[in-house]
Amino acid sequence: MTSGAEPQTVLLPRGAALFDRIDYRLIETPEDRDNLYLMRYRAYLHAGLIEPSESRRVTDRFDDAPNTWNFGVYVDGELCSSVRIHVLTSDWRMSYTTEVFGDVLHPRLDRGEVLIDPCRFVADPEKHQRFPELPYLTVRLAFVACDHFNADTGLAMIRTDHQAFYRRIFLHETISPEPRGFPGWPTKKAVLMASDFRNQREKVLTRFPIMRSSAFERRMLFQRSSPRQAAARPVSLATQRPPDVAVSATGSAR
């Protein structure tokens, strides 16, 4: 994720091919949730971020927050990676990011900004080796969320060694004055990165067309089967521009 190689010529063709084999699934059933928490545990343990535990699961209080969407990325029906999307508004501020960097974010939320905060980005260690495109196709969900919720800003609270990836893909800039401790990771520090979504959107799409989504895909991804729903700006960018050419994953995103 921190390679300096330009991804357009190397990863995009392979990413596009894998794109036809993936299914983005909103994690809602008890079975899917348990599989997600188990994959998180394997990923964090493999990365040396946590100690072994008897439960072999990683979850937290924000998994059930009303402004949270947990997604699994499935390749050929197998769970391979996941990301949790928080929609942060003046009314809905629940996330680790607002706890760690509240002094930076609360003034923005007080002004009525809508922020998309992806976190808990993990990949199955073995499948990540098989599918090196997974990081691109997983964090794509954060970009799609920015479109769907008409966000002002895309965020990323990440480890210091992952800044190059987010700077290259989303044109993020580091906005935190210094690295800070992250809950549950005593040996790691996190920084806060952000980008002005509206000003950077077209630049990202030009560099990475695979980030493009249709209005239908966005509705299918963020529509819940249960009434849990966060308040967000109701008018999406899709109503303010010509429709995008549909580029969507198979399964639930069609």
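Start by selecting Thr-97 in this predicted model; its relative accessibility is 1%, so Thr-97 counts as buried, the cut-off being under 20%. The residue sits in helix 3, which spans residues 96–100. Now show what surrounds Thr-97, leaving out residues up to four places away in sequence: the contacts are Gly-102, Leu-105, Asp-117, Met-157 and Leu-192.

Two of those names lead to the next stop. Gly-102 and Leu-105 belong to helix 4, residues 102–110, and are buried there along with Val-104 and Leu-109. Turn the view to look down the axis of helix 4: the buried residues fall within an arc of 155°, so they line one face of the helix. An α-helix has 3.6 residues a turn, so residues three or four places apart point the same way. Then colour Asp-103 and Asp-110, which are exposed and lie on the face of helix 4 turned away from its buried side. Past the end of helix 4, select Gly-112, where phi is positive, near 95°.

Next, go to helix 6 (residues 134–148) and helix 8 (residues 197–207) and display both. Two packed helices are described by the angle between their axes and the distance between the axes. Here the angle is about 130° and the axes are 12 Å apart. With that angle, helix 6 is oblique to helix 8. The crossing of helix 6 past helix 8 is left-handed. To see the contact, show the side chains of Phe-143, Cys-146 and Asp-147 from helix 6, and of Phe-197, Arg-201, Val-204 and Leu-205 from helix 8.

Phe-170 is in helix 7, residues 163–170. Is Phe-170 buried or exposed? Its relative accessible area is 6%, so Phe-170 is buried. For a distance check, pick the C-alpha atoms of Phe-170 and Ala-156: they are 9.9 Å apart in space, and the two residues are 14 apart in sequence.

Finish with the cysteines Cys-146 and Cys-119. Cys-146, already seen in the contact between helix 6 and helix 8, has a relative accessible area of 4% and is therefore buried. Cys-119 also counts as buried, because its relative accessibility is 15% and the cut-off is under 20%. How many disulfides are there to display? The count is 0, with a disulfide taken as a pair of cysteine sulfur atoms within 2.5 Å.

Definitions and conventions. Residues numbered from 1 in each chain as written. Predicted model: local features only at pLDDT ≥ 70, side-chain atom pairs only at ≥ 80, totals over all residues. Heavy atoms only, no water. Helix = DSSP H or I, 4+ residues; strand = E, 2+ residues; numbered from the N terminus. Buried < 20%, exposed > 50% of the residue type's maximum accessible area, 1.4 Å probe, protein only. Contact = heavy atoms within 4.5 Å. Arc of directions from axis to C-beta. Axes fitted to C-alpha atoms, helices over the stretch in contact; angles between N-to-C directions. Parallel < 35°, antiparallel > 145°, perpendicular 65-115°, else oblique. Left-handed = near helix turned anticlockwise from the far one by under 90°.
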